[in-house]
Structures are given as C-alpha cells and as structure tokens.
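Good morning, colleagues. Please look at the sequence and the structure as they come up, and I shall then go through them region by region.

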Amino acid sequence: MLLIVLVNVGVGAWLMRVRTTSWERPVRVVVFPIPADGSAATAAHVAALSTESFEPVETFFRDEAKRHGLSLPHPIEVQLGPRVEVLPPEPPFGGSRLEIIAWSLRLRAWVWSHGDVPGPQPHVRLFVLFHDPVLRISVPHSVGLQQGLIGVVHVFASKAQTSQNHVVIAHELLHTLGATDKYEPDTNQPSYPDGYGDPDQVPRHPQKFAELMAGRVAISERDSDMPRGLDQSLLGALTAREIGWTSR
Ligand SMILES: [Zn+2]
C-alpha cells in the first residue's frame with residue numbers, strides 16, 4: 001500500500017517536473033506569505049502584499065527568456081496566495097542524509113495541508129517567511145526543492161529590502177526548476193565561469209551583473225557584492241540549460 005502511494009507520488013512529481021521544464025505553457029508559481037514572527041511591522045508588511053508586489057520577478061524571467069531565445073514569451077506567472085499562519089518544519093542544516101529525507105517528507109506533508117489555493121493548482125509553491133529586520137540582523141537559509149517543486153524562502157519584511165527579496169525568491173524558484181548553485185560554498189564567491197554575469201568580459205573584474213544562481217556580483221577575484229536587485233542579475237548559459245530553456 002505504502003509502496004503504491006510512494007510510486008504515485010514519484011510518478012506525479014516526475015510528470016510535474018516534465019511539465020514545468022517543457023516551457024510550452026507558463027509555469028504557475030504561487031507565493032504563500034508567512035509572518036515569521038509576532039511583530040506588528042511584519043504583519044503590516046505581509047498585509048500590504050499583492051500579486052503586483054511580485055511583478056518584477058515575472059518581468060525578470062520574461063526578459064531573460066527573450067535574451068536566451070525561448071519562444072514562450074511569458075514563462076513564469078507569479079501569484080500571491082493565501083497567508084499561512086503556521087511555520088513549516090525547519091530543515092536540519094548539516095543533518096545526515098536520513099534526517100534530510102525525513103525532513104523533506106515532513107515538509108511535503110506540511111505543504112499538503114497548507115499549500116492549497118482556490119482554482120487551478122500551482123506548479124511551484126513558494127512559502128515566503130517574512131522577518132522583522134528590527135528583531136534580527138540575518139535570516140535563516142532559504143531552500144528550493146525540485147522534488148515536490150517547493151521553496152521555503154526567508155526574507156526581510158521591509159520595503160528597503162524588497163528588491164533583494166526578489167533576488168532570493170527568484171534564486172529559490174530556479175532551484176525548484178532544476179538549477180544548481182554557482183558559488184564556492186566555503187567563500188560564497190561566484191564560481192568562474194558559470195557564476196559570472198559575463199564570463200567573457202575583459203578585464204574580468206569588476207563584473208556588472210550577478211548570475212542569479214551565484215547570487216553575487218564578482219567585483220574582484222576575492223570580493224563580491226549582493227546585486228541591488230533583479231535589474232543587476234541575469235541567468236547564465238548553464239542555468240538556462242539546467243532549467244530547459246536551451247539545449248546546448
Ligand atoms: Zn541556492
């Protein structure tokens with residue numbers, strides 16, 4: 001019985017993955033906002049969100065798709081979903097493989113009960129946890145899972161951070177579509193060449209753009225900056241290939 005359930009989940013996930021990377025139709029993404037703390041400022045920020053708040057993410061993918069020659073003009077649709085008041089299970093960072101598998105199953109069970117929307121179901125569900133910047137100076141790591149097409153994204157509940165929040169959201173969304181990280185895990189420095197906005201630029205530094213899966217702009221061999229937003233980010237050739245936009 002359990003085996004049948006698992007096989008069905010597996011086949012369903014595989015079909016969904018094929019659908020999201022064939023790019024014949026737009027990939028529907030729903031953002032479920034979650035106030036991550038009890039702060040009134042966070043609650044007000046979340047209450048002010050609308051589908052328009054995420055338009056820069058859609059625009060970014062539209063422009064990048066065009067640049068990479070994708071024939072689908074509007075590859076990603078982002079919609080605001082209902083607010084979720086329950087926090088998702090926390091990932092075991094540095095946990096064993098078994099702990100990570102157990103967490104991913106717990107997360108999928110959690111999504112099953114909190115990730116419902118009226119009307120057609122989304123392909124990708126992004127649970128975006130908003131944190132009050134007055135209460136903490138950094139946010140937990142975000143994750144994007146291709147298995148199940150789920151992202152758990154941590155951002156600041158702040159107008160000033162909105163552009164950088166869009167970078168984090170787009171990065172995790174790309175993970176759900178099969179893109180890999182393109183930075184050095186020990187230094188956070190963009191990997192050359194795939195993590196560079198323009199690997200062929202002469203001189204190589206400073207770069208003008210961040211490759212989104214590197215998440216940073218290489219300003220020298222050793223230093224890099226956060227991009228100010230998606231307007232200073234792009235998808236490199238390898239990322240475009242990983243998500244199925246290009247075949248070479
Ligand atoms: Zn990443």
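I begin with a term for the metal site: donors are N, O and S atoms within 2.8 Å of the metal (3.2 Å for Na, K and Ca), and since water is not among the atoms, sites may look incomplete. The model is predicted, so local features need pLDDT of at least 70 and side-chain atom pairs count only at pLDDT 80 or more, while totals for chains, interfaces and linings use all residues. Residues are numbered from 1 along each chain as its sequence is written, and side-chain values use heavy atoms, with hydrogens and water left out.

Which protein atoms are the donors of the zinc ion? They are NE2 of His171, NE2 of His175 and OD of Asp181, lying 2.1 Å from the ion. Along the sequence, these donor residues follow the spacing H-x3-H-x5-D. For accessibility I use three classes: buried is under 20% relative accessible area, exposed is over 50%, and partly exposed is in between, with a 1.4 Å probe and protein chains only. His175 has a relative accessible area of 13% and is therefore buried. Asp181, at 35%, counts as partly exposed.

I turn to the overall division of the chain. There are two domains, domain 1 (2-177) and domain 2 (179-248), with bounds that come from an automatic or database domain assignment. Their centres, taken over C-alpha atoms, are separated by 22 Å. The contact between them takes 21 residues from domain 1 and 22 residues from domain 2, where contact means heavy atoms within 4.5 Å.

Next, the interior. A nonpolar core is a set of buried Ala, Val, Leu, Ile, Met, Phe, Trp, Tyr and Cys residues joined through side-chain atoms within 4.5 Å. The largest such core has 37 residues, and the members touching the most others are Trp23, Phe61, Ile76 and Trp245. Helices (H or I, at least four residues) and strands (E, at least two) are DSSP runs, numbered from the N terminus. Two or more residues of this core come from each of β1 (27-35), α3 (55-67), β2 (76-80), β3 (124-131), β5 (150-156) and α5 (162-176). Helix α5 gives the largest share, five residues. Phe61 touches Pro75, Ile76, Ala170, Leu173, Leu174 and Trp245, not counting residues up to four places away in sequence. A second, separate core has 15 residues, among them Ile34, Val84, Leu129 and Ile150.

I come now to the aromatic residues. Rings of Phe, Tyr and Trp (its six-membered ring) pair if their centres lie within 6.5 Å; planes under 30 degrees apart count as stacked, over 60 as edge-to-face and the rest as tilted. The structure holds six aromatic pairs. One of them joins Trp23 and Trp245, edge-to-face, at 5.7 Å centre to centre and 75° between the planes. Trp23 lies in the loop between α1 (2-22) and β1, and Trp245 in the segment after α6 (237-242), so this pair ties together parts that are 222 residues apart in sequence. Trp23 is buried at 5% relative accessible area, and Trp245 is buried at 6%. For Phe32 and Phe127, the ring centres are 4.8 Å apart and the planes are at 20°, so the pair is stacked. This pair links strand β1, which holds Phe32, with strand β3, which holds Phe127, 95 residues apart. Phe32 is buried, with a relative accessible area of 0%, and Phe127 is buried with a value of 0%.

Finally, two loop residues. Val117 is in the loop between α4 (97-114) and β3 and counts as buried at 9% relative accessibility. Beyond four places in sequence, Val117 touches Val30, Phe32, Pro82 and Pro122. Ala179 is in the loop between α5 and β6 (210-211) and is buried, with a relative accessible area of 4%. Leaving aside neighbours within four places in sequence, Ala179 is in contact with Leu174, Met213, Thr239, Glu242 and Ile243.
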